Amino acid sequence: MIIFFFFQAEDGIRDAQESRGLGDVYKRQVSTQSTGRAHPEMLGALRATALRKPALSTRILSVRTFKELPDKPSPSSAKDDEAAKVRLRRKKATRPTMVGSRAGLDVLHDPLLNKGTAWPNSERERLGLRGLVPPARLNLQTQVDKLLSAYRRIDDPLQKNLYLINLLDRNEVLFYKLVCENIEEMAPILYTPTVGQVCQSFGDVFTRARGMYFSADDAFEMASMVYNLSLIHI
């Protein structure tokens, strides 16, 4: 049976060399083999060893064996673990708080950062967005419902595609949320067959540069051109 003894300084160690980097707490751990409880001579030897230093007076804080340790977590511990898991799931389900040096229109014009009308009041104040977005706060799902209603009022597939691409240029999180919830309805608009019509009209419907564009004239310059895309996470 392995027995652990823990000692803690009452008066503290004032000498930096004596403290051995442990500050005012001096902790010692001893393991031994025993058939039952700790032998009295062992306890006496440990006390004598700890009391050799004049600046250190000790007392035994706890003596516990492995037989005394619970095999299963206590009900309160299980409840705490479950509560921690719930908090983690809620944290993953919400968009993180904006932290950084960018603010104002610079944030609103970045589709990777823009939250539309879902900005909480704390972020509106800190990022200088007050007055730059409507005062009413709509959560992500409410915005999705409004956009889906407007999308379904459009009849032309090409115009539907442009509607979704314009949303992608404004708010990527909102775009992917809308598409993922209605993938069967929107896949033919974003991909075959509508994408062929979009490619044929690319010169007429182009609104904003996204990603990179390579032509035959760039055949030997592609390796250096990629550095023009200043996205640190790619």
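Start by selecting Tyr176: with a relative accessible area of 46%, this residue is partly exposed (between the cut-offs of under 20% for buried and over 50% for exposed, using a 1.4 Å probe and protein chains only). Before you click on, know that this is a predicted model, where local features need pLDDT of at least 70, side-chain atom pairs count only at pLDDT 80 or more, and totals for chains, interfaces and linings use all residues. Residues are numbered from 1 along each chain as its sequence is written, and side-chain values use heavy atoms, with hydrogens and water left out.

Next, what does the structure hold four of? Aromatic pairs! Rings of Phe, Tyr and Trp (its six-membered ring) pair if their centres lie within 6.5 Å; planes under 30 degrees apart are stacked, over 60 edge-to-face, and the rest tilted.

Tyr151 belongs to helix 6 (residues 140-152) and Tyr163 to helix 7 (residues 157-170), so their pair ties together parts twelve residues apart in sequence. Helices here are DSSP runs (H or I, at least four residues), numbered from the N terminus. Is Tyr151 buried or exposed? Tyr151 is buried, at 0% relative accessibility, while Tyr163 is partly exposed at 21%.

Jump back to Phe175 and Tyr176: they make an edge-to-face pair, 4.9 Å centre to centre, 80° between the planes.

Then pick Lys160, whose charged end sits over the Tyr151 ring, 4.9 Å from its centre (the rule: NZ of Lys or CZ of Arg within 6 Å of the ring centre and within 35 degrees of the ring normal).

Last stop: select Phe202, Phe206 and Tyr213, a cluster linked by ring pairs.

Methods:
Helices (H or I, at least four residues) and strands (E, at least two) are DSSP runs, numbered from the N terminus.
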